[in-house]
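Here is a short briefing to read beside the model. Keep the sequence and the structure open as you go.

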Amino acid sequence: MAAFCQNCGNALHPSARFCTGCGGVVPMATAIPGRPLLRPHVGRVIGGVCMALAQSNGWDVAVVRILAVVGFFCSSGLVGVAYVAAWIGIPEEMAPYPGPYPGAYPPQM
Ligand SMILES: [Zn+2]
């Protein structure tokens, strides 16, 4: 999911706060309509669970990550167990690149 600056149309990193082209402030992430709960490839840190929760609910990714880390230590690891469970349970986003499935036969060079 690519984001673009509203001022100059420059492509933005999903977690960018400021535009690299014009320096404009990027508005807070909003919920992507109809986006299912999927772990994205772009912008993930560990398993993409925080990113998936933030994108599907319109939360700020940084806030979700901070709460996850704080919650991990405050809950004596319970959040860590929940993270691993979500990592297993939340399906991964489709590969963002075209071409044959990795490992397809015959091998593509
Ligand atoms: Zn811009």
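Leaving aside neighbours within four places in sequence, which residues is Gly48 in contact with? They are Arg39 and Pro40. Two residues are in contact if their C-beta atoms, placed from the backbone, lie within 7 Å.

This is a predicted model: local features need pLDDT of at least 70, side-chain atom pairs count only at pLDDT 80 or more, and totals for chains, interfaces and linings use all residues. Residues are numbered from 1 along each chain as its sequence is written.

**Overall layout**

- The protein has three helices and two strands. Helices (H or I, at least four residues) and strands (E, at least two) are DSSP runs, numbered from the N terminus.
- Along the sequence the pattern reads β-β-α-α-α.
- Of the 109 residues in the protein, 8% are buried. A residue is buried if 20 or more other C-beta atoms lie within 10 Å of its own, exposed if 12 or fewer, and partly exposed in between; C-beta atoms are placed from the backbone.
- Take the contacts between residues at least 6 apart in sequence: 32% of them join residues at least 24 apart.

**Confidence**

- The average pLDDT of the protein is 79, and 77% of the residues score at least 70. pLDDT is the predictor's confidence in each residue, from 0 to 100.
- Among the elements, helix H2 (residues 61-74) has the highest mean pLDDT, 92. Strand E1 (residues 3-4) has the lowest, 76.
- Where pLDDT is low, the predicted coordinates should not be read in detail.

- In H1, the buried residues are Val49, Cys50, Met51, Ala52, Ala54 and Gln55.
- H2 and H3 are among the elements that cover the buried residues of H1.
- The largest nonpolar core has five residues: Val49, Cys50, Met51, Ala52 and Ala54. A nonpolar core is a set of buried Ala, Val, Leu, Ile, Met, Phe, Trp, Tyr and Cys residues joined through C-beta atoms within 7 Å.
- Not counting residues up to four places away in sequence, Met51 touches Arg39, Pro40, Gly43, Arg44 and Val61.
- Leu53 also lies in H1. Leu53 is partly exposed because 19 other C-beta atoms lie within 10 Å.
- Beyond its neighbours within four places in sequence, Leu53 is in contact with Trp59 and Val64. Leu53 and Val64 are 11 residues apart in sequence, and their C-alpha atoms are 7.9 Å apart.
- Just after H1 comes Gly58, with a positive phi of about 80°.

- Gly48 sits in the loop between strand E2 (11-12) and helix H1 (49-57). Gly48 counts as buried because it has 21 C-beta neighbours inside 10 Å.
- Gly48 and Ala86 are 38 residues apart along the chain, yet their C-alpha atoms are separated by 9.5 Å.
- Ile46 is in the loop between E2 and H1 too. Ile46 is exposed because 12 other C-beta atoms lie within 10 Å.
- From Ile46 to Trp87 is 41 residues in sequence and 9.3 Å in space, C-alpha to C-alpha.

**H2 against H3**

- H2 and H3 pack at an angle of about 130°, and their axes are 6 Å apart. Axes are lines fitted to C-alpha atoms, for helices over the stretch in contact, and angles run from 0 to 180 degrees between N-to-C directions.
- H2 and H3 are therefore oblique to each other. Angles under 35 degrees count as roughly parallel, over 145 as roughly antiparallel, 65 to 115 as roughly perpendicular and the rest as oblique.
- Ala68, Gly71 and Phe72 in H2 meet Val79, Gly80 and Tyr83 in H3.
- By class, this contact of H2 with H3 has four nonpolar, two polar and no charged residues. Ala, Val, Leu, Ile, Met, Phe, Trp, Tyr, Cys and Pro count as nonpolar, Asp, Glu, Lys and Arg as charged, and the others, Gly among them, as polar.

**The loop between H2 and H3**

- Ser76 is in the loop between H2 and helix H3 (78-89). Ser76 is exposed because 8 other C-beta atoms lie within 10 Å.
- Ser76 has a positive phi of about 50°, although it is not a glycine. Most residues other than glycine have a negative phi.
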